[in-house]
Structures are given as C-alpha cells and as structure tokens.
Amino acid sequence: MEQTHGANSVTCCQRIDANVPTRSPFTRIVATGWYGGPTHGIAQCGVCAREFLFSLCAWDANADTRILRLRAVSTGTLASLTDRFRCAGAPIWPLWVPAVQESGACAAVIQDAMSDTEALAEEEGLLVQSTDFQNQIHAARNIDAAALLDGLPTTVGERASFNEWAAVLRRR
Ligand SMILES: [Zn+2]
C-alpha cells in the first residue's frame with residue numbers, strides 16, 4: 001500500500017507543484033523506450049490510479065533533465081498491456097523495461113500494442129519535468145483543454161525544443 005499521509009506521503013500526479021521537487025507518484029511504469037531513462041511507455045499514479053501514455057518531448061543539453069508528455073489512457077490499459085507483453089516475461093514494479101530482441105516477434109507485439117494505445121490516448125494529461133521520472137518529479141502541469149488551445153510546441157525529441165517545452169510548463 002502506498003502511504004498517503006505523513007512525512008513519506010506521495011503527492012498525486014494531479015497535485016504536483018510546478019516548483020517543488022517531489023517524489024514521483026508513478027509507482028508502475030512500463031518503459032517501452034529507454035535512453036538513459038524511460039522515454040516512452042505507460043505510467044500509473046500510485047495515488048489516484050490514473051494511467052498515462054508517456055513520451056519524451058525534449059531534453060536539455062546533457063540529455064539529463066527531460067520533459068515528458070503524459071496523455072491520459074483508460075483505466076486497465078496498463079494491465080492489458082502487461083498481459084499483451086507476456087512474451088517479454090513477468091512485469092517488475094515499480095519499473096519494468098520489457099527486454100526483447102529488437103527485431104523479434106515480441107518486439108513487434110509491443111510495437112503494435114503501443115500503436116493501439118497511442119491511437120486511443122487523450123490529448124489531455126500532464127507535462128512533467130524530471131531527471132529521474134521513476135523517482136523524482138521537478139515540475140508538472142496539467143494539460144487540459146485550455147492548455148491545448150494555447151498550443152503545444154510541435155518539435156519533439158530535439159534539444160533545441162527544450163526551452164519551448166519548459167516555457168509551456170511554466171505557463172499558467
Ligand atoms: Zn494521481
């Protein structure tokens with residue numbers, strides 16, 4: 001059980017302050033992309049149980065501080081995906097990186113499943129800044145209909161776009 005009170009309490013993904021580093025509420029992460037840390041996958045908040053598809057938007061010059069976009073997916077997505085990924089073995093929590101051969105049948109299963117998830121994910125969700133997504137979040141912002149109306153940067157995965165995404169995080 002996650003503690004929700006006291007010194008070790010975890011702040012829900014919906015309540016992370018923009019400026020105060022906080023322990024990551026994401027207690028279940030399946031990383032289908034990895035580059036010195038999770039770059040793509042599914043994450044579930046241990047407090048509210050919301051599930052998100054996440055992907056890397058940008059990183060700083062050292063690929064150290066990252067900004068991830070989290071798009072809401074329906075409850076049960078994580079369970080259904082780990083079931084579909086059983087060709088890669090049993091999941092390990094809090095962080096599972098399914099280890100598969102890049103061109104093998106299981107990699108294709110995972111890729112198909114993530115494309116399906118991608119197609120169903122909401123545009124709404126969160127933007128998160130972190131150096132260590134599974135352990136600590138430095139800043140977060142809800143991406144709601146109004147935030148989407150303001151527009152999000154169109155460049156992803158490029159170092160040059162870090163400042164653009166960081167500006168969205170700071171925008172209120
Ligand atoms: Zn939450």
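Predicted model: local features only at pLDDT ≥ 70, side-chain atom pairs only at ≥ 80, totals over all residues.
**Whole chain.** Start with everything shown. The C-alpha atoms fill a box of roughly 45 × 40 × 30 Å along the principal axes. For 172 residues, a compact globule would have a radius of gyration near 16 Å, and the chain agrees with that at 16 Å. Buried residues account for 34% of the chain. Of the contacts with a separation of 6 or more, 56% are between residues 24 or more positions apart.

**Elements.** Next, colour by secondary structure. There are four helices and nine strands. Read from the N terminus, their order is β-β-β-β-β-α-β-α-β-β-β-α-α.

**The sheet.** Select β2, β3, β4, β5, β6, β7 and β9. These seven strands form an open sheet with mixed pairing, in the order β6-β2-β3-β4-β5-β7-β9. Which strands are at the edges? They are β6 (95-96) and β9 (139-143), each of which pairs on one side only. Now zoom in on the β6 edge. Strand β2 (residues 26-34) runs parallel to β6 and is joined to it by two bridges. To see a bridge pair, pick Ile29 and its partner in β6, Leu95.

**Helix α2.** Select residues 105-120, which make up helix α2. At 1.5 Å a residue, its 16 residues should span 22 Å; the end C-alpha atoms are 23 Å apart, which agrees. Show the side chains of Ile110, Met114 and Thr117, the buried residues of α2. Looking down the helix axis, you will find these buried residues within an arc of 60 degrees, so they line one face of α2. Then turn to the face away from the buried side, where the exposed residues are Ala105, Ala108, Gln111, Asp112, Ser115 and Ala119.

**The core.** Finish inside the chain. The largest nonpolar core has 38 residues, and Leu68 and Leu126 have the most contacts within it. Which strand gives the most to this core? Strand β4 (residues 51-59) does, with seven residues. Centre the view on Leu126. Apart from neighbours within four places in sequence, Leu126 is in contact with Cys13, Phe52, Leu70, Ala140, Arg141, Asn142 and Ile143. In soluble globular proteins, nonpolar side chains tend to be buried together.

Technical notes
Residues numbered from 1 in each chain as written. Core = buried A, V, L, I, M, F, W, Y, C linked by C-beta atoms within 7 Å. Buried ≥ 20, exposed ≤ 12 C-beta atoms within 10 Å, placed from the backbone. Contact = placed C-beta atoms within 7 Å. Rg over C-alpha atoms; globule rule 2.2 N^0.38 Å. Pairing = 2+ DSSP bridges. Expected span 1.5 Å × (residues − 1). Arc of directions from axis to C-beta.
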